Amino acid sequence: MESYPNQIKLSLADIWSIFENIIEDTRLAKVRKEASHFRVKLMIFAMKSHENEEIDLEGGKLDKERDKTARSNRVIKIQNQALLSGLAYCISSCSMILVNKFVLSSYDFNAGISLMLYQNLISVIIVSVLSFLGIISTEPLTWRLIKVWLPVNVIFVGMLITSLFSLKYINIAMVTVLKNVTNVITALGEMYLFSKHHDSRVWAALFLMIISAISGGITDMSFHAVGYAWQFINCFLTASYSLTLRRVMDTAKQVTRSGNLNEFSMVLLNNTLSLPLGIILIYVFNEVEYLSKTPLLRLPVFWLVMTLSGFLGLAISFTSMWFLHQTGATTYSLVGSLNKIPLSIASILLFKVPTNLENSASIFFGLLAGVFFEKAKMQERS
């Protein structure tokens, strides 16, 4: 009977020890389970982070590709705009001269002032309509602006008229060479009026221009003294227009409402003021009698060609602004000089101009001198 309680006591101790072991095992299992869950969460987070990094990297590559494509498209677009504007400027400027030559020589139209008046009237109408529709902006023509601009406009009208008079008698290739004399007069005027000095390369190019003009005139098989006289007057007036414009431009801007005078405003101002002056000159040069007798005004085709010349004259203003905006003054000047080469060749072929090797060489020499002059001016500015 005495051993029974001891056996019960031992049994309770064993049970308590077993209970403690169970609790400990349970706690450890719980910790292991939580640790396992934490490791799983870490693995999931790492996998997601890796996936996000891959997505970000892939997205970055796509963004870079898109940016690269967009930049490439912008470059192509800019190059296309520059090329298109350059072609438009070259075609309009060449076509204008060729059409004027066709009207004056092929049709034998002896009313150059009337042709100028009609072309300027077309320009005024088109620019006024575009300004009214809000497509372009122009300055209003005030009396203050007209009074400031009138001396420039008188020279402008003389420049246009003498250009048409000379073009009637001289072939286009020689006109382009003789126009180089304008650069010589302008350079001398800049020295006298603005105290601007040019370097030796510019003067060398100007000297080559004079030589080519003299040699071209001597070897010209269709030489016409009246045409050459009008052309030299035109060179003087063109240089005077350029020099006077520099002196008057600042004053003209001050009397405008916006304080600026853009190309369209100058076109409207010059062509509008030329209309009354042109009407007066028509009577002075007695073109009214010729117009009343010539059968050309009864030909619809002739009116179509004259109207085309008016549109082309305005197109030169628009395309030159467009080309200048897309490229710059340097490219614009160089292309304008190079454009004379195909123009001269086309005019000789189209109008069947009699020429010889000496005259062709003089013309080509003069055209190259013009390109050399533009290049020298660029280097001087830089």
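**View A. F302 is a buried residue in an aromatic cluster.** F302 has a relative accessibility of 0% and therefore counts as buried (under 20% relative accessible area; exposed means over 50%, and partly exposed lies in between, with a 1.4 Å probe and protein chains only). The model shown is predicted, so local features need pLDDT of at least 70 and side-chain atom pairs count only at pLDDT 80 or more, while totals for chains, interfaces and linings use all residues. Residues are numbered from 1 along each chain as its sequence is written, and side-chain values use heavy atoms, with hydrogens and water left out. The cluster that holds F302 is formed by F102, Y107, F109, Y290 and F302.

**View B. Two edge-to-face pairs share Y107.** A pair of aromatic rings is described by the distance of the centres and the angle of the planes. Rings of Phe, Tyr and Trp (its six-membered ring) pair when their centres lie within 6.5 Å; planes under 30 degrees apart are stacked, those over 60 are edge-to-face, and the rest are tilted. How many aromatic pairs does this rule give? The count comes to eleven. In one of them, the ring centres of F102 and Y107 are 5.2 Å apart and the planes meet at 80 degrees, so the pair is edge-to-face. F102 is partly exposed, with a relative accessible area of 34%. Y107 also pairs edge-to-face with F302, at 5.1 Å centre to centre and 70 degrees between the planes. Because Y107 lies in the loop between helix 1 (3-106) and helix 2 while F302 is in helix 10 (residues 300-326), this pair ties together parts that are 195 residues apart in sequence. Helices here are DSSP runs (H or I, at least four residues), numbered from the N terminus.

**View C. E190 and R246 form a salt bridge.** A salt bridge is a side-chain nitrogen of Lys or Arg within 4 Å of a carboxyl oxygen of Asp or Glu. By this rule there are four salt bridges. For E190 and R246, the closest N and O atoms are 2.7 Å apart. E190 belongs to helix 5 (residues 181-194) and R246 to helix 7, so the bridge ties together parts that are 56 residues apart in sequence.

**View D. Helix 7 has a bend at V248.** Helix 7 runs through residues 225-254, which makes 30 residues.

**View E. A salt bridge joins E289 and K293 within helix 9.** The closest N and O atoms of this pair are 3.1 Å apart. Both residues lie in helix 9 (residues 287-293), four residues apart, about one turn of the helix. An α-helix has 3.6 residues a turn, so residues three or four places apart point the same way. E289 is partly exposed, with a relative accessible area of 38%, and K293 is exposed, at 58%.

**View F. D199 and R201 make a salt bridge.** Here the closest N and O atoms are 3.1 Å apart. D199 is partly exposed at 21% relative accessibility, and R201 is partly exposed at 38%.

**View G. Two residues other than glycine have a positive phi, S195 and N286.** S195 has a phi of about 55 degrees, and its place is the loop between helix 5 and helix 6 (200-219). S195 is exposed, at 55% relative accessibility. The phi of N286 is near 55 degrees; N286 sits in the loop between helix 8 (263-284) and helix 9. N286 is partly exposed, at 44% relative accessibility.

**View H. V353 is a buried loop residue.** Look for V353 in the loop between helix 12 (340-350) and helix 13 (357-381). Its relative accessibility is 15%. V353 and I170 are 183 residues apart in sequence, and their C-alpha atoms are 9.8 Å apart in space.

Conventions. Helix = DSSP H or I, 4+ residues; strand = E, 2+ residues; numbered from the N terminus. Expected span 1.5 Å × (residues − 1). Bend = angle between axes of the 7 residues up to and from the residue.
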